[in-house]
Amino acid sequence: MDAILENSWLQFSIHLDNLYWSLNWRNDRIPGLRGVRMGVDYRLDGRKWNIRAGSPVLDLNTATLPASPHGPLKQARLSLGPDANGIRWAVTFSLPTNLPMLLWQFTLENEAQSPIYVDRLSVLEAGAGLKDSHLDPPSAIGPLSSPAFFSNGWQSWSYAGVYGPGERFMSTRLPFFRSPTDVNAGTPQPKERGRFSSDFFAVLGDRESRGALVAGFLSQRQHFGSLEAVLNPNDATLRMWANGDGARLDPGEKLESDSACLCSLEVDSPDPFGYFVEAVAREHGLMPPLTELTAQAPARSQGRFSEPGFEIPTGWCSWYQYSSEDYTGELSERDVLKNLAALRALQPGLPLRTFQIDDGFEAKVGDWFAFHPAFPRGVAPLAEEIQASGFTPGLWLAPFILQAGSQTARQHPDWLLRGRLGRPVNAGFLWNNFATALDLTHPGALEYVEKTVHTAVHDWGYRYLKLDFLYAAALPGRPRDPRLTRAQILRRGLEVIRAAGEEAFLLGCGCPLGPAIGLVEAMRIGADTSRRWFPYFRGLGSYVHQEWSLPSVRNALNNAIYRAPLHRRWWINDPDCLLLNPGEHLSLEEVRLSASLIAMTGGSLFLSDDLSALPPSLLQIAEVVTPPIGLRPQILDWFDTNQPQHLRLDLENASGSWHLLAQINWADVPQELPFCQQIFGLEAGQRYQAREFWSGSDYSLDGERVSLPPIPPHGVRLLSARPIQPGVPAYLGSNLHISQGLEVAGWEAGDRRLTLALQRPGQARGEIFLRLPEAPRVATIAGRELDWQAAGKESYRFRVEFEREAEIQIEW
Ligand code: 9PG
């Protein structure tokens, strides 16, 4: 007996003989899956069991069910078992009527006499590589003539990027140092070419047909999900499972998995991840449920983090100026006060809101109620001073991890998460020793976390918390409550923090992504930055250049690009700080690239230089990226390379609509990257006037390939491209804001005249460029005469100086 569910995108069928299912897309560019297998691995009385089939019974409900976050659903429920031990297993497939995706969920019921230990829920096994059993019919994915795989790393710092068939997975060459921090213990780190893994979700698709699939989970409340793919042309294999972590399922108990999801993805769509990422947001109540009505016209702007009033965080963070090469803090109260005074003196020109004290104030990581000698008064008085200076007080905490030798570890050995041999787990080689972690299933440990956060928010007065090293709650071990998975333990820990700091703004860092969704306002989505392009580690030189989770500008920017689709849907993305002062190892070009990409990917904007010693030329870079643009860009070549070169952001205001186009040179040598408007998906028939932000050069684009100067190593070409019409005035850009147009607060073009208003914080001074049909007869700013010069064909440069806001009148 076969069963079929279908909607206008896909057709899903289950075959009960041999138990497998298939998925076909009406759009034949999207890879289909045939012969998909599933299974459950568990242990009972020390023996391993694997359920793959067993007298399946199907209960089909093709009538549409009401209310779900994803709109109306059709469902098919498959019940299996009980197996020889009395373990029942069921899978519910749900097909949303209005979405190009299939969802399915496992339940497992223990009807045996003894507890079982769940190792793996295999929600999907597909492709030609499933050679481990006789499969009839054989399984297949595709066709995928030119396969590629997008991999998402486990936690904030872990690498995200795209691979092609002959490539190698970016795994660490320093597993001793990096594995505990960056890698999910349940996700393989393949070594051979063409084999890749991912956490939570991944994309498998075809670079030729431009069609792909997102495979992933809608949440990570119950389990950490892992994926593994093997890519060979026309022969791909995909596995996806939920890690049971060996959690105990007692007799009479039942577990329910997170929903697995397969979703179609159009590689060249302006928002390829939209359907999947928004489904995840809806699953967590961060976007309103889909209804018949909203399904017709998906309201892109809806959702908690895209409300017009939701402000993108900006501020200053102490870490990158006051830390050493081996990542230990070297901060003192004096440094804090000096920078506070400096930031205050920079008002109102540099309106950053949050002043965040990072690692270094505490006696030891884990001992939050004792302070480093450089902070003799503790941190409560500083919060007061920060507040009095007009900023939101921000504080770093690492509530789940314990530094070697901390008082907390010594006084409460029962709070520590321990491994099989009873020794405290290794939470990473940090602060020149092995750190360890709290066992959050111990009520005392959880209470300590609660007290730490409550104290920081309510007693000390910090309303912005950077919560770091959160992966420590999800390390493999033997928790005191063996019934909980690592994902459940982490999520419960975060729920306790959320409740203790209810009114605070929470930033997750070093955090496995899934379990934090809906519990934090912002999330670090990449490795730390540093004042270096390449990662640096204990003098190992270029041996560590392929470490993608170590601190470096390149590493931080890579993830800011690849994880841009999450921004304003799951949280506000935090790309880490913008370091302005190049120091000895960065170039000005690298600083400009950082500023450009941080601005274009829309996340938080934090500085971390010594603000009392910033030269005006560098300060100006901070000014032009403030306020943040806040939007998500398109990454045009995201699936074609592991170093995307082309970003596009479409902007619009009273002055009209324009495009911000970034072209990145990741190479270590200058490159003449070809430029034409088609690369960026701009209309070939439309003329544009473009202005490069950092050089101020302008170019006119008419659909032909233009030859532009080479881009320096690790540099960027950042163009604003305005469509132009003959005889119509246009705003061409400025050096006032990196968007080259968001500084325009009003625009009214009349007969031979133009009125525009500019808006910038503080004292603004710079140049704007206008396209006018004729040279100005009259030009004034706030009633005073305005200086201008011809700057090319029909283009004019105006030197402007004003405070906060000014009106400009031009007549010709
Ligand atoms: C404070 C810092 C900053 C930074 C965080 C985090 O050795 N390590 O593996 C390691 C990784 C990250 C790290 C420090 C050490 O940085 O991302 O912004 O807050 O902690 O200690």
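Predicted model: local features only at pLDDT ≥ 70, side-chain atom pairs only at ≥ 80, totals over all residues.
1. Is Asp245 buried, exposed or partly exposed? Asp245 is partly exposed, because its relative accessible area is 28%, which lies between the cut-offs of 20% and 50%.

2. Which element gives the largest share of the lining? The answer is β18, with six residues. β10 (116–127) and α8 (486–500) each supply at least two residues, as does β18. By class, the lining of this pocket has 15 nonpolar, seven polar and eight charged residues.

3. Leu19 has a phi of about 40 degrees, and Leu19 is not a glycine. Where is Leu19? It lies in the loop between β2 (10–15) and β3 (20–25). Leu19 counts as buried because its relative accessible area is 5%, under the 20% cut-off. Asp245, by comparison, is partly exposed at 28%.

4. Now check the peptide bonds. Most peptide bonds are trans. Gln347 and Pro348, however, are joined by a cis bond, with omega about 0 degrees. Pro348 is in the loop between α4 (333–345) and β22 (354–357). Another cis bond runs from Thr626 to Pro627, with omega near -10 degrees. Pro627 is in the loop between α11 (616–624) and β35 (634–635). Find both loops in the model.

5. Turn to the ligand. How many residues are around the ligand? There are 15, and Arg178, Asp358, Asp359, Lys466 and Asp528 come nearest. By class, this shell has eight nonpolar residues, seven charged residues and no polar ones.

6. Look at the contacts themselves. A polar side-chain atom of Asp359 is 2.7 Å from a ligand oxygen. For Arg524, a side-chain N or O atom lies 3.1 Å from an oxygen of the ligand. For Trp157, the distance from a side-chain N or O atom to a ligand oxygen is 3.4 Å. How much of the ligand does the protein cover? On its own, the ligand has 450 Å² of accessible area, and the protein covers 96% of that.

7. What about enclosed space? Rolling a probe the size of a water molecule over the atoms shows where empty space is left. The search of the whole structure finds seven cavities of 30 Å³ or more. The largest cavity contains about 250 Å³ of space. Its lining has 22 residues, with Ser158, Tyr159, Met170, Val183 and Gln189 the closest to its centre. Which element gives the most to this lining? β14 does, with three residues. Both α1 (175–182) and β14 (195–199) supply at least two. By class, the lining of the largest cavity has six nonpolar, 12 polar and four charged residues.

8. Stay with α1 for a moment. Thr181 is in this helix. Thr181 counts as buried because its relative accessibility is 1%, under the 20% cut-off. The Thr181 side chain makes a polar contact with the side chain of Asp182, at 2.8 Å.

9. Finish with the second largest cavity. Its volume is about 70 Å³. Among the residues lining it are Thr529, Val553, Pro575, Cys577, Leu586 and Ile598. α9 (553–562) and α10 (588–601) each supply at least two lining residues. The most come from α9, which gives three. How does this lining divide by class? It has nine nonpolar, two polar and one charged residues.

Definitions and conventions:
Residues numbered from 1 in each chain as written. Heavy atoms only, no water. Near = heavy atom within 4 Å. Polar contact = N/O pair within 3.5 Å; in protein donor to acceptor, adjacent residues only side chain to side chain. Areas by Shrake-Rupley, 256 points an atom, 1.4 Å probe, with all protein chains shown as cover. Nonpolar A, V, L, I, M, F, W, Y, C, P; charged D, E, K, R; others polar. 1 Å grid on protein atoms, 1.4 Å probe; cavity = no way out; pocket = protein on both sides within 12 Å on 5 of 7 lines; lining within 4 Å. Points joined across faces, edges and corners; volume = space filled by probe spheres on them. Helix = DSSP H or I, 4+ residues; strand = E, 2+ residues; numbered from the N terminus. Buried < 20%, exposed > 50% of the residue type's maximum accessible area, 1.4 Å probe, protein only.
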